[in-house]
Amino acid sequence: MLQILGITGPIFILIGIGYLSARGGLVNPIQVQGLGKFVITFALPALVIHALLEKPLGEVFDPIYLLAYGIGSQLVFWGGFLFSRLVRRDSLSGSALAALGMSVSNSGFIGYPIVAMVLGPPAAVALALGMLVENLLMIPLALAIAELGRQNGSGARAALQETFSRLVRNPVIISISIGLALALLDLKLPGVLAKVIEMLSSASAPVALFVIGASLVGLRAGGLLKDVAQLSLGKLLLHPLAVLLCFQLLPPVDPALKVAGVLFASAPMMSIYPILGQRFGLEGRCAAALVVCTVLAFASVSLFIGVMR
């Protein structure tokens with residue numbers, strides 16, 4: 001247990017430093033937002049490019065990992081959607097957002113730092129592969145269904161077009177495209193540029209953890225017990241178990257990637273979850289779930305580290 005705490009402890013200490021810094025007024029929301037944009041726009045893309053160029057493409061692109069992580073995430077997504085829609089009688093938009101919260105992890109801000117401390121370099125490879133699943137499949141699917149809950153067919157088509165437009169401008173998606181293109185052409189970055197990419201990528205984990213801690217200030221979880229319970233159980237337990245099941249049923253994969261996939265799935269939902277929920281009037285539910293899942297993740301991540309190691 002102490003060994004597990006030695007891995008997870010620094011992660012949550014950095015989150016705590018971010019929280020206390022924002023709570024004590026050392027950083028304001030605008031500064032926190034700027035740090036978050038730095039991570040999303042520069043540090044994470046640099047990390048992805050560095051990961052894709054560090055090894056030959058054949059060693060980075062793993063279709064079995066994509067299948068296991070994608071199918072596992074889809075199982076939890078549709079299970080959460082049907083439970084919300086049929087059992088809890090939630091709206092179409094609410095069911096889609098609940099399913100999204102249960103099946104898409106905070107891969108960059110929490111998942112990567114944890115997996116990097118456990119596994120080292122394979123964490124960046126798993127991050128790039130997992131973001132393909134999240135950004136090209138999970139998020140567009142959830143937003144399209146949620147939009148159907150409040151608009152007619154033409155509105156849904158417009159939502160799909162807007163989602164696609166945002167995806168092609170997403171810095172992480174752009175970095176994946178650049179990294180794949182360079183890897184396919186077997187091109188290496190010049191020494192100076194490669195060093196800049198490496199330095200930016202190394203800033204990703206600590207800054208990301210600080211930002212997620214600072215972002216928790218002001219969020220409240222009261223009055224939404226059933227919603228929070230469903231999302232917490234689905235995200236922190238069912239998602240990693242579903243991904244682990246898929247790894248067990250599919251052909252063998254690199255053991256390090258298998259561990260990475262399960263640990264990524266055990267992370268809480270993405271930090272922009274309340275922002276996505278705001279579009280559908282669900283920001284309170286989403287923010288409450290984010291607070292509770294981030295706190296409970298200390299126990300769930302530690303549990304899965306112990307199981308997988």
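What volume does the second largest pocket have? I looked it up in this model, which is a predicted one, and got about 160 Å³.

**Entry: pocket lining.** I listed the residues around the second largest pocket: Leu47, His50, Glu54, Tyr112, Ala116, Gly120, Pro121, Ala124, Glu198, Ser201 and Ser202. I sorted that lining by class and got five nonpolar, four polar and two charged residues. Then I checked the helices: H2 (29-54), H6 (107-119) and H10 (191-215) each give at least two residues to the lining.

**Entry: H6 against H7.** Next I followed H6 to its packing with H7, residues 122-148. Their axes sit 8 Å apart, at an angle of about 150°. An angle over 145 counts as roughly antiparallel, so that is what I wrote down for H6 and H7. I noted the crossing as right-handed. On the H6 side I found Ser107, Gly108, Tyr112, Val115, Ala116 and Leu119 in the contact; H7 brings Pro122, Ala123, Ala124, Leu127, Met131 and Glu134. By class I have nine nonpolar, two polar and one charged for this contact. Tyr112 and Ala116 of H6 and Ala124 of H7 belong to this contact, and I already had Tyr112, Ala116 and Ala124 in the pocket lining.

**Entry: H7 against H9.** Which way do H7 and H9 lie to each other? I get axes that come within 11 Å and cross at roughly 130°, so the two helices are oblique. This crossing is left-handed. From H7 I noted Ala128, Met131, Leu132, Asn135 and Leu136, meeting Val172, Ile173 and Ile176 of H9. The class count here is seven nonpolar, one polar and no charged residues. Met131 is in my list for H9 and also in the one for H6.

Note on methods
Residues numbered from 1 in each chain as written. Predicted model: local features only at pLDDT ≥ 70, side-chain atom pairs only at ≥ 80, totals over all residues. Heavy atoms only, no water. 1 Å grid on protein atoms, 1.4 Å probe; cavity = no way out; pocket = protein on both sides within 12 Å on 5 of 7 lines; lining within 4 Å. Points joined across faces, edges and corners; volume = space filled by probe spheres on them. Helix = DSSP H or I, 4+ residues; strand = E, 2+ residues; numbered from the N terminus. Nonpolar A, V, L, I, M, F, W, Y, C, P; charged D, E, K, R; others polar. Axes fitted to C-alpha atoms, helices over the stretch in contact; angles between N-to-C directions. Parallel < 35°, antiparallel > 145°, perpendicular 65-115°, else oblique. Left-handed = near helix turned anticlockwise from the far one by under 90°. Contact = heavy atoms within 4.5 Å.
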